[in-house]
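This briefing concerns the structure displayed below.

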Amino acid sequence: MHDLRHDNPLTISKQLTTGWWDEGDAPKLDQDARASKSRKAECTVNRIGILGAGRVGTAIARSAIAAGYDVAIAASGPAADIELLVDVIAPGAQAMSAEDAAAHGEIVVVAVPLHKFRSIPSTLLDGKVVVDTMNHWEPTDGRLADFDAAPHGSSTIVQGHFTGAQVVKTLNHIGYHFLEVDARPDGDPARRALGIAGDDDAAVRAVAEMIDRLGFDPVVTGALRTGTAFQPGTPIFGGHHAAADLAAEAEQHLGTSSLTGATRA
């Protein structure tokens, strides 16, 4: 996992240019790999709940099932309303009510249109790691004044609604139809990277493990507000990047000042 929060701003340009994977960094890479395995052992998650049974939610469900997760998925109505859909579109997932899917998931993915996220009770996800996959699309969502004036990104507003949860931003900048097509095993040179932003270290680690298991290289950009680096309108959004390239784009967008004082673990 490439974590920009542990990069020293004085050396980040060199690291992003050469990549963490150069032969000269081999001893350091071995140490990082051992640390990554240790982190995975500490934060292994097996159950995922998904709120939203549309194209995004069902695509994530299929990918998570392929990765070995126990998946529950919910729409806004009773579980019976989506049982047939789930059986056909996401076989292996369990159709549940929103309350039950939230309770089921160690990680809960919110995959609903942004203008509907406040229809989810603010306390439903208390104590949960919540993945925010949503984007502000004016043609779909209409004009949302609070999101138009959100200098720290849409996910900080989502966190403000789910105050008892730990919100992590990711999966918003890859088309749902690419989740299965672009998934690659660890070490594949063609493996695509996805950005991750969050304020809670344990939540970020759990989500990074999930992204890795789904078949993508996780690149942690920092606090939740750094998710602006992969919102609509940025080079990362919708682009296909290797980990070092995505990290470089994020660093350029955020500027080294956002990383001041950080040190590499």
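Buried means under 20% relative accessible area, exposed means over 50%, and partly exposed lies in between, with a 1.4 Å probe and protein chains only. Helices (H or I, at least four residues) and strands (E, at least two) are DSSP runs, numbered from the N terminus. The model is a predicted one, in which local features need pLDDT of at least 70, side-chain atom pairs count only at pLDDT 80 or more, and totals for chains, interfaces and linings use all residues. Residues are numbered from 1 along each chain as its sequence is written, and side-chain values use heavy atoms, with hydrogens and water left out.

- Strand β7 (residues 166-169) pairs with β8 in the antiparallel sense over two bridges, and Val168 stands opposite Gly198.
- Strand β9 (residues 217-222) pairs with β8 in the parallel sense over five bridges, with Pro218 in β9 as the bridge partner of Leu194.

**Nonpolar cores**

- A nonpolar core is a set of buried Ala, Val, Leu, Ile, Met, Phe, Trp, Tyr and Cys residues joined through side-chain atoms within 4.5 Å.
- The largest nonpolar core has 37 residues, of which Ile107, Leu171, Val207, Met210 and Ile211 touch the most other members.
- Two or more residues of this core come from each of β2 (47-51), α3 (55-66), β3 (70-74), β5 (107-110), β6 (129-132), β8 (193-198) and α10 (201-214).
- The greatest contribution to this core is that of α10, with eight residues.
- Apart from this core lies another of 22 residues, including Val108, Phe117, Val158 and Ala165.
- With neighbours within four places in sequence left aside, the contacts of Ile107 (heavy atoms within 4.5 Å) include Val45, Val129, Val131, Val207 and Met210.

**Helix α8**

- Six of the eight residues of α8 (residues 154-161) are buried, so this helix is largely enclosed by the rest of the structure.
- The buried residues of α8 are Ser154, Ser155, Ile157, Val158, Gln159 and His161.

**Loop residues**

- Leu171 lies in the loop between β7 and α9 (178-181) and is buried, at a relative accessible area of 5%.
- Leu171 has a positive phi of about 65° although it is not a glycine.
- Most residues other than glycine have a negative phi.
- Gln231 is located in the loop between β9 and α11 and counts as buried at 17% relative accessibility.
- Beyond its neighbours within four places in sequence, Gln231 is in contact with Gly153, Ser154, Ser155, Lys169, Asn172 and Phe237.
- Thr234 is placed in the loop between β9 and α11 (243-254) and is buried, with a relative accessible area of 11%.
- The C-alpha atoms of Thr234 and Glu249 are separated by 8.9 Å, the two residues being 15 residues apart along the chain.

Notes
Pairing = 2+ DSSP bridges.
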